[in-house]
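Okay, quick one from me today. Let me put the structure up, and then we'll walk through its charged pairs.

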Amino acid sequence: MSSSFEKFQKRRLISSYFSVVISIALVLFLLGLLGLLVLNTKKIADHFKEQIALTIYLKDTAKEVEITQLNKSLALAEYTKSTTYVTKEEAAEAHSKEIGEDF
């Protein structure tokens with residue numbers, strides 16, 4: 001009777017070793033994933049911040065000097081990655097090409 005009890009204890013011990021190894025490996029894997037996420041958080045945040053596009057519509061009465069000054073001041077700002085000025089005619093042409101109709 002004691003030999004069957006010893007076999008049971010041995011199986012129980014082996015299964016507990018197995019479960020300990022699996023749980024430690026899982027915890028280390030999750031810690032590694034968390035570490036990678038923490039290391040790349042800055043890059044991910046910068047990527048999403050750079051994807052913000054802003055469109056500014058100007059009045060028809062805006063003078064060419066004001067438009068140029070606004071474009072230069074936005075281009076020189078540290079928070080601006082790039083600027084593009086599109087005239088009303090260029091925008092109308094691009095829109096008509098996009099929708100396939102001449103409005």
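So, helices first: a helix here is a DSSP run of H or I with at least four residues, while a strand is a run of E with at least two, and they're numbered from the N terminus. Now, this is a predicted model, so local features need pLDDT of at least 70 and side-chain atom pairs count only at pLDDT 80 or more, while totals for chains, interfaces and linings use all residues. Residues are numbered from 1 along each chain as its sequence is written, and side-chain values use heavy atoms, with hydrogens and water left out.

Let's start in helix 3, which is where you'll find Ser 96. Is Ser 96 buried or exposed? It's buried, at 16% relative accessibility. On our scale, buried is under 20% relative accessible area, exposed is over 50%, and partly exposed is in between, with a 1.4 Å probe and protein chains only. A polar atom of the Ser 96 side chain sits 2.8 Å from the backbone oxygen of Glu 93.

Glu 93 has another partner, too: Lys 97, in a salt bridge with the closest N and O atoms 3.5 Å apart. By salt bridge I mean a side-chain nitrogen of Lys or Arg within 4 Å of a carboxyl oxygen of Asp or Glu. Why are these two about one helical turn apart? Because Glu 93 and Lys 97 are four residues apart in helix 3. Glu 93 is partly exposed at 47%, and Lys 97 is exposed at 64%.

How many salt bridges turn up in a search of the whole structure? Four. Let me show you another one, in helix 1, residues 2–50: Asp 46 and Lys 42 are four residues apart there, so again we're talking about one helical turn. Their closest N and O atoms are 3.4 Å apart. Asp 46 comes out partly exposed, with a relative accessible area of 29%, and Lys 42 is exposed at 58%.

Next, Lys 88 pairs with Asp 60, and the closest N and O atoms in that salt bridge are 3.1 Å apart. Lys 88 lies in helix 3, residues 88–99, and Asp 60 lies in the loop between helix 1 and helix 2 (64–76), so this pair ties together parts that are 28 residues apart in sequence. As for accessibility, Lys 88 is exposed at 55%, and Asp 60 is exposed as well, at 65%.

That's my bit, over to you.

Notes. Polar contact = N/O pair within 3.5 Å; in protein donor to acceptor, adjacent residues only side chain to side chain.
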